Each structure stands twice: as structure tokens, then as C-alpha cells.
Amino acid sequence: MSQVSQDKRVVVVGAGWAGLGATDHLSKQGYHVTLLEAGSYPGGLVAGWKTATGRSVEAGIHGFWYPYRNIFSLINQLGINPFTTWTRSSQYSPAGLEVESPIFQELPQLPTPLGTFLYTQFKRLPLIDRLSALPLLYAIIDFDNSDEAWRRYDFVTARELFKDFGVSARLYRESFEPMLLVGLFAPGEQCSAAATIGMLYYFILAHQPDFDVVWCRGTVGEKIFRPWVERIEKSGAKVLANRRVTDLVVDDNNQVTGVVCNNEIFEADAVIFAVGITGMKKILSNSPSLQKRDEFRNVSNLGAIDVLATRLWFDRKIHIPRPSNACFGFDTATGWTFFDLNALHDEYRNESGTVVEADFYHANQFISLENEEIVPRVQRYLANCVPEFRKAKVVDSSVIRLPQAVSHFAPGSYRYMLPALTSFKNVFMSGDWIVTRHGSWSQEKAYVTGLEAANLVISYFGEGTPAKIIPVETDEAHIQLARTVNKTARQIGKSILPEFWLP
Ligand SMILES: Cc1cc2nc3c(=O)[nH]c(=O)nc-3n(C[C@H](O)[C@H](O)[C@H](O)COP(=O)(O)OP(=O)(O)OC[C@H]3O[C@@H](n4cnc5c(N)ncnc54)[C@H](O)[C@@H]3O)c2cc1C
């Protein structure tokens, strides 16, 4: 396709991974792009800032897993070096250390899922419980991320899925549910089985190294978004903060001609929404033009989850065996993680005391507590995992409440999630909750859907070169074979049996 010949105006709404991804690509192509962000700075859920005392904090720590190929490619293009090396992680329960993970790419490569199964060091979970996961392999083969597979599995809860496939109660409680709490931010009975298999396959099972992770050596805002936004602005895009979009201006031709931001109107030849579920619901509640359409009204059926991000500064150096740690069993239905920021962040490397980030997912019951109640509780929980925390003194702390912040992949939610194309000819959707067949999750998915939306704008106008989107790594040969056999068996079954039963 050709370089953009005229000034085509694109308005992007929301400056997280998705919105910045779309803005970056379209402005490089010569589009006249305006990015409107409701908050005071770009970053969305990954934003970071400084406290009154000048210390860096952020809306939770973010890991970058081995399969984040598009984000790693962006980092190379930007010529920056924001990440730690691959880190090892541990898992704790109130009983102590439960699991240690190696760096999987450093060990001899085995056909998936053998490496994950054999190399993960479980400290307490008996072999018989681990073996009870084997029948689940069928669901992993059967779920191929197609629309059909989503419709087959999305109505089932993760808990029912694990129960039906014979997973032991202990394996569910001590392994799968903790993974759901940190991966999909909700307990098993509140997660769609489709999202569960998709997420587990992407982060853990597709290839042995997939669970390997790096972290930013400071806030993602400082290390990645600052240089990225500088490049975006250099290529001509306008990034405007403190602009909360409230409605669209629609003409008689089913085309959007403008974006309303309280009393300002930004003229637009195309619009990309890159806001989260809660943001979209708020826009819908103010927007008569969106309320007229079923697909947007249906977004009201979707939900989001509360998260709490805390950062504690202690008066002394405490030895934390692994830099990143996930924890379960401290509260019903809440998972949490803690990170040794002296090990991960440049800013805290030479600090005389210890700096720890502790983030709580599905934190509904914590969000209304006062900071004075939250901080001692976090210290108590930390001391349960690393006893030295008990005697240490908290000298500073930050508590960030993120109500209704992360996308909830609830059972039955798939039918309400929006695809990138909408019933408006020139409005496109992006973000980590948008339906895509790419197969990625979280930050990588948000970035990929931003690029996909940019490509839809390019194809709508027929001008510019589409962004190259790196697909997820292909399935290993034995998985491909098993999927082909399964698909053929399903097709034969479909041709003989009537469509009588629920999918
Ligand atoms: C505590 C925590 C830990 C996490 N850990 C990880 C992790 O380890 N790894 C990982 O990959 N992912 C993680 N995630 C998930 C990850 O942050 C998200 O998947 C990703 O950031 C979503 O990006 P997005 O662009 O889709 O949306 P968002 O980041 O939500 O961006 C949407 C933007 O739209 C703006 N907006 C909303 N309404 C309007 C409006 N009306 N007008 C203008 N702007 C508006 C918002 O202010 C926001 O800036 C975590 C999330 C949290 C909260």
C-alpha cells in the first residue's frame, strides 16, 4: 500500500499499550493522529509516577514473558535496554515455600508439556496430585483459540473444567487456582474455562521457555513509555493528557466525524478505542450515539476486577531468595505477588534498606481498608514467607487502589467482548479484552490489538503500510498432529450427529 497522501485524521482514545501501539504505527505512516488520554500521563494500567518524597511507584509490577515477541521487537526498534535478565521465581503459601521455577530456556528442551512438568520444583505437592493434570491435555488440544472453541468452553467455569477432567482438589487449590488469581485476576469459579486454557497455554504450556520472564529495571513508565512517547511525538502525533472522551459525533452515513471530550470536539476521519472495559462502560453511559447500538450496550454485561498495588520501604536489608514470588492461600479468592525491588530496579539497588512491591489481585475486600490497616497486613504476609520481615520496620509506604481495573474474563463473557471491527465503518477497537485470534494475553495482547486496529485503519483508507505483527510461535509438531486428528474427529462427529446438545 502507498504512503498516506492527504491529511487523514485519526483519533485514538486511551494511552495504554493498545493506544500507544496504534498511534505509533499510524503516525509513522503519515496519518494525522491525536491520542486522547483521560489520565495525567500515558501508560494506562502500566503507568508509573513519583511520590511526594520523590520515590518511584507504579500501578503494579509488570512482567514480560518469553512469548511477548512484538513488545520485545518494539524494544529493539526503540534501541533501549529496559529489562532485567530472565529471573527465577518462587511460590509461597502460609505453610512456606511451595514451588521454585528454573529458567526453562537454560535446560534441555523437551516436547511440551514435559519440561514444565519435570523441571518445576514442587516442595510439597505429591506426584499423584501432579499426575492428575494429565487428562487436561485433551482440553488443551481441543481448545485452539478459534471462535468455535471459545463458544464451546466459555460458558464453563475453570473450576468445573478442572473438576470434570479429574484434577485433584489439592492440585487445583495449590497450583491451578493460584495461577488463575495472578493470570486472570479471579478465582476459578469466576473464570471462563476458555480464557483459562488460552492463558495457561500462552504463558506456560505452548513451549518450554514460555514461563521465563523479565521485569523492567524501573517503572515501565520511565523505562519504556517515556522514550516511546518521545518517538511518537517526534513522528508528528499529538499525545494529549487530561482529555476524557465522552461521546462520538456520527453523521447520516454511519460514519463518525468527531470525538467529544466534555466541551471540546476533535474532528476525525477514523477512531480507535483503546480503553479498558470500565473506561468503555463509562463512555457508553454518557454517549447517546453508542447507546443506540447493541454491540456497545452489551459491553454493560462485562466486568472488571479490583487490584491493590503496595510498595513498602523497610529499615534494613533482608535477604529475599528470589526476586519475584507468587502467593496463595492467605485469603480466599485473593492472590498476591511480591517482588524484591533492590534486585530488580536500578533506583533501589544501593538502597540501605529493603524495598518490596506487593500486589493483590481480586482485592475487593482490601480496597476499602485504610492504609494503616493495609501496610501491617502486607508486612505480616511477607513475614510468613520470609521471616526476617517480622522484625523490620516500615519507614515509608505507598498504597495504590485500582478499583475495577483489570479485564474480567468471566464465564459467558466472550459473547459480549467486542471484535476490532464495529458497526461503524470507521471505528475500530483495541485493548486486552478485544477478541483477536492472535493468541497472546495481557500487555502483549493489548499492544498487538493496537497494531491490528492501526492495520484496519490502513486498509479502510487504502493508504500506508500495515504494521508487521509477529504471530505467536507455532505449536510444536506433536500438538499440531493431535489438533489435526481431534479436528477431523470433531468434523466426522458433527456430520453424523444432530446439533442437539449444548456445545
Ligand atoms: C497490578 C497489575 C499487574 C499486572 N501484571 C501484569 C504483568 O505482569 N504482565 C502483563 O503482561 N500484564 C499485566 N497486567 C495487565 C496489563 O497491565 C494490561 O493487560 C495492559 O496494560 C492493558 O493495556 P490496554 O492498553 O489494553 O489498557 P489500559 O492500560 O487500561 O489503558 C487504557 C487507557 O484508556 C484511558 N481511558 C479510559 N477511559 C478513557 C476516556 N473516556 N477517554 C480517554 N482515555 C480513557 C485510561 O486512562 C488508560 O490510560 C497487570 C495489571 C495490573 C493492574
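1. Two residues count as being in contact if their C-beta atoms, placed from the backbone, lie within 7 Å. The model discussed here is predicted. On that criterion, and leaving aside neighbours within four places in sequence, Ala18 is in contact with Ala274, Ser430, Gly431, Ala446, Tyr447, Thr449 and Gly450.

2. Ala18 belongs to helix α1, which covers residues 17-28. Is Ala18 buried or exposed? Ala18 is buried, because 34 other C-beta atoms lie within 10 Å and the cut-off for a buried residue is 20 or more.

3. Ala18 and Leu451 are 433 residues apart along the chain, while their C-alpha atoms are separated by 7.5 Å.

4. On the domain layout, the assignment gives domain 1 as 9-47 + 219-303 + 414-461. Domain 2 is given as 89-212 + 473-496, and domain 3 as 304-407. Between the C-alpha centres of domain 2 and domain 3 the distance is 28 Å.

5. How many residues does the contact take from domain 2 and from domain 3? Domain 2 contributes 13 residues and domain 3 contributes 20 residues.

6. On the side of domain 2 that touches domain 3, at least two residues come from each of β6 (89-93) and α8 (169-183). The most is given by β6, with 5 residues. By residue type, this side of domain 2 divides into 8 nonpolar, 4 polar and 1 charged.

Key: Residues are numbered from 1 along each chain as its sequence is written. This is a predicted model: local features need pLDDT of at least 70, side-chain atom pairs count only at pLDDT 80 or more; totals for chains, interfaces and linings use all residues. Domain bounds come from an automatic or database domain assignment. Helices (H or I, at least four residues) and strands (E, at least two) are DSSP runs, numbered from the N terminus. Ala, Val, Leu, Ile, Met, Phe, Trp, Tyr, Cys and Pro count as nonpolar, Asp, Glu, Lys and Arg as charged, and the others, Gly among them, as polar. A residue is buried if 20 or more other C-beta atoms lie within 10 Å of its own, exposed if 12 or fewer, and partly exposed in between; C-beta atoms are placed from the backbone.
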